[in-house]
Amino acid sequence: QQVFSLYEKAWSGSPVQFAWQKTLGNFLAVIGGDRSVKIFDRHGQKRNEIILPGNFVAMDWDKDGDTLAIITDKSSTIFLWDAITNKTSQVDSGMRDSMSFLLWSRVGALLAVGTTKGNLLIYNRQTSRKISVLGKHTKRITCGCWSIENLLALGGEDRMITVSNQEGDTIRQTSISSDPSDMQFSVMKTDERVSTRESTVSVVVGKKTLFLFNLNDPDNPIDLKFQQPYGSIVSYKWYGDGYIMIGFSQGCFVVISTHIREIGQEVFQAHNHKDNLSSIAISQSLNKAASCGNNCIKIHDLTDMREMYAIINLDDENKGVDQMAWTDDGQLLAVSTRRGSLHVFLTKLPILGDACSTRIAYLTSLLEVTIANHVESELPVTVSVEVEPSFVAVGVYHLAVGMNNRAWFYALGENNVKKLKDVEYLGTVASMHLNSDYAAALFEGKVQLHMIESEDLGAQEERETRLFPADDDKYRILCHALTSDFLIYGTDTGVIRYFFIEDWQYVNEYRHPVSVRKVFPDPNGTRMAFIDEKSDGFVYCPVNDRVYEIPDFSPTIKGILWENWPMDKGVFVAFDDDKVYTYVFHKDTIQGSRIILAGGMEVPYSHKPLLLYNGELTCQTPSGKTNSIYLSTHNFLGNLKDFGPDMLRQMLTQTLMLKRFSEAWEVCSLLNDQSCWNELAKACLHHMEVDFAIRVYRTSGNAGMVMSLEQVKGIEDHNLLAGHLAMFTSDFNLAQDLYLASSCPIAALEV
């Protein structure tokens with residue numbers, strides 16, 4: 001999605017040049033035809049303007065993005081803009097001739113500047129030391145690059161390539177057949193594949209060939225020539241294990257390998273643009289590559305180049321696009337056009353979201369949160385927020401967004417959203433949860449519980465806010481949750497505590513052997529799943545203080561969601577980056593309570609589950625949208641008449657695992673098979689659903705079972721009833737144990 005466009009009158013008609021701040025990507029420096037460099041933030045607001053004394057030549061950000069250096073044609077001054085202080089300073093290069101080239105080192109504070117007569121200056125920003133090297137080249141220096149080991153390669157109009165160390169001494173040089181451009185250092189694929197040193201300099205020669213100069217083998221450079229119809233080389237990028245992606249002027253987009261055995265072989269080729277390609281870009285962190293031409297941008301997936309990830313058309317750009325570049329984190333893609341405008345697109349959003357009951361809130365743009373409730377069919381509401389949030393929380397009546405140690409609270413009205421206030425906490429907030437009245441923020445091992453809208457309550461003042469743990473408690477809180485009644489948290493000492501908000505006191509405590517990393521209470525707080533330091537999962541029931549281990553629990557699980565559909569109280573899903581697993585907590589069976597794994601399925605790439613409602617999983621995607629997928633364990637929710645007998649038998653197994661007896665009844669009615677009715681009846685006995693079992697046995701004509709069950713259905717003693725049911729399912733050993741534990745142990749003899 002497009003974040004902003006920039007267009008200034010002074011730029012009109014001529015292409016602009018731009019550079020993203022390295023590492024952080026918070027600033028974008030842009031220069032048009034008007035001798036002034038304008039600096040914009042990532043939301044398109046202008047932050048500064050640097051008026052230049054002559055025509056712009058080059059600019060470059062240092063490796064950390066702290067300093068932008070700019071040079072012009074008439075002046076010997078280097079302009080330095082500091083991103084932290086927003087101030088511009090000047091350094092005199094001391095060069096007599098005009099400057100033509102500028103580049104910061106990739107590892108240190110060194111700035112290389114080349115001139116029109118082939119001289120070189122290496123300036124150290126930290127020590128202010130300047131090294132001048134006269135006659136490095138005999139003509140204008142036009143291109144160059146630094147290696148990770150601080151070697152500097154330069155090319156000039158004298159058709160020479162020189163490689164120097166950081167003191168400016170030449171250690172290698174070679175001649176080439178035409179003018180060089182676009183020089184890069186890289187690691188070449190070799191058979192040993194041991195060397196990770198950047199020993200290869202690549203450079204475009206005469207816009208037609210790619211010249212590879214290996215510093216360890218300087219006498220045997222490689223010249224790669226390409227097919228005539230491709231046109232000239234516009235741009236190229238190294239990526240992956242020694243691959244080079246090249247964009248050609250006639251619209252072709254080619255990937256070649258530099259492995260010694262297959263050097264120059266085309267691994268991939270696509271005619272992406274009809275007759276014109278103007279730029280290519282790669283984002284390693286996104287694992288994407290893009291090419292642009294005419295008025296179209298095409299984005300590919302690096303793992304499979306044939307996979308087209310997205311196509312962006314800029315319909316109103318009649319002169320076509322020009323250059324493009326990604327921020328280092330891959331979040332924003334800037335594209336300049338030939339008529340002098342600049343468009344910035346959001347390619348990856350942080351996946352931030354929260355759910356409260358069936359309402360969800362999620363980030364839809366850098367400064368926009370959307371609140372939706374598909375289950376209640378409410379129209380989505382978008383909220384413009386003031387900062388790029390690092391956390392989002394939604395409650396019954398409120399929304400909170402924040403970053404660092406601040407949170408902004410909004411009240412959700414019928415059809416409007418009103419900003420209430422902002423709150424500062426005593427540390428950087430890691431996560432936040434809301435209920436109808438309170439917010440709970442976790443920061444630096446503590447939780448602050450406070451009212452969202454504090455009216456003047458007089459006597460209730462001590463209920464306004466409380467910091468956990470108390471001063472004399474020596475533990476750190478690692479995770480927390482807020483239900484309508486309780487604040488629940490887990491600590492590094494393995495303690496889970498329930499704080500009852502209405503009585504303003506602790507009501508429950510469970511001690512686990514190792515620290516508790518994440519807690520996930522069900523909608524009404526009567527059961528709580530948690531993940532501990534060993535990545536094991538458990539369900540804790542505060543009512544009877546029992547803990548049940550979750551079976552087959554993958555160590556990669558990131559989170560757990562409970563079913564929000566009121567009829568399905570025991571169902572929950574656990575998810576990691578690729579899969580989602582459905583579990584069911586069987587509370588009342590004749591064997592006691594236990595958890596079973598009902599099934600698992602793949603989740604589409606980069607989907608993060610947010611809400612589970614009746615088998616429908618709502619997920620967030622990196623593009624700022626939501627997508628619903630149906631759990632494979634809930635196939636029976638489709639139209640049952642569309643399925644054949646084999647599929648229906650599978651669905652019967654699913655419905656029985658999930659205790660969906662009325663759906664199981666429908667499946668059995670369609671199959672109309674005695675064995676299926678028996679399976680359903682047996683499951684009802686297993687789950688102690690006596691009335692439903694009677695109904696099933698009556699339908700299948702088993703009068704003996706109906707009479708036996710009628711005799712026991714009124715028994716209130718859980719163990720005694722379970723003993724009878726175990727006996728009816730011929731599990732005599734279990735029946736005996738249950739009878740002995742019941743109020744009527746004599747029944748064990750009667751078996």
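Figure 1. E42 and strand E43 (residues 446-451) run antiparallel and are joined by 6 bridges; two strands count as paired if DSSP finds at least two bridges between them. Look for Phe443, which stands opposite Lys446 in E43.Figure 2. Strand E42 also pairs with strand E41. Strand E41 (residues 429-434) and E42 are antiparallel and share 5 bridges, and a hairpin of 3 residues joins E41 to E42. Leu434 has Ala439 in E42 as its bridge partner. Is E42 buried or exposed? In strand E42 (residues 438-443), 6 of the 6 residues are buried, so the strand is largely enclosed by the rest of the structure. Buried means under 20% relative accessible area, exposed over 50%, and partly exposed in between (1.4 Å probe, protein chains only). In a regular strand, side chains alternate between the two faces of the sheet. Tyr438, Ala440 and Leu442 point one way from E42, while Ala439, Ala441 and Phe443 point the other way.

**Figure 2. Strands E33, E34, E35 and E36 form an open sheet.** Its 4 strands follow the order E33-E34-E35-E36 and pair antiparallel. Strand E33 (353-356) and strand E36 (378-384) are the edges, each with a single partner strand, so one side of each has no neighbour in the sheet. On average, neighbouring strands here are turned by 20° against each other, direction ignored; axes are lines fitted to C-alpha atoms, for helices over the stretch in contact, and angles run from 0 to 180 degrees between N-to-C directions. E33 is joined to strand E34 (residues 359-365) by 4 bridges, and Asp354 has Ala361 in E34 as its bridge partner.

**Figure 3. Strands E49, E50, E51 and E52 form another open sheet.** The order of these 4 strands is E49-E50-E51-E52, with antiparallel pairing. Neighbouring strands are turned by 25° against each other on average, direction ignored. Strand E50 (residues 528-532) and strand E51 (residues 537-541) are joined by 4 bridges. Here you can find Phe530 opposite Phe538 in E51.

**Figure 4. Helix H1 has several buried residues.** Helix H1 (residues 645-657) contains 13 residues and reaches 19 Å from its first C-alpha to its last, close to the 18 Å expected at 1.5 Å a residue. That expected span is 1.5 Å times one less than the number of residues. Leu648, Met651, Leu652, Gln654, Thr655 and Leu656 are its buried residues, and their cover includes helix H2 (661-671) and helix H3 (674-686). Just after H1, Lys659 takes a positive phi of about 60°.

**Figure 5. Leu680 belongs to the largest nonpolar core.** This core has 47 residues, and Leu680, Leu709 and Leu725 have the most contacts inside it. A nonpolar core is a set of buried Ala, Val, Leu, Ile, Met, Phe, Trp, Tyr and Cys residues joined through side-chain atoms within 4.5 Å. H3 gives the most to this core, with 7 residues. At least three residues come from each of domain 3 (558-633) and domain 4 (644-749), with bounds from an automatic or database domain assignment. Among the residues that Leu680 touches are Leu656, Phe661 and Trp665, contact meaning heavy atoms within 4.5 Å.

**How to read these views.** Residues are numbered from 1 along each chain as its sequence is written, and side-chain values use heavy atoms, leaving out hydrogens and water. In this predicted model, local features need pLDDT of at least 70 and side-chain atom pairs count only at pLDDT 80 or more, while totals for chains, interfaces and linings use all residues.

Conventions:
Lists of a residue's contacts leave out its neighbours within four places in sequence.
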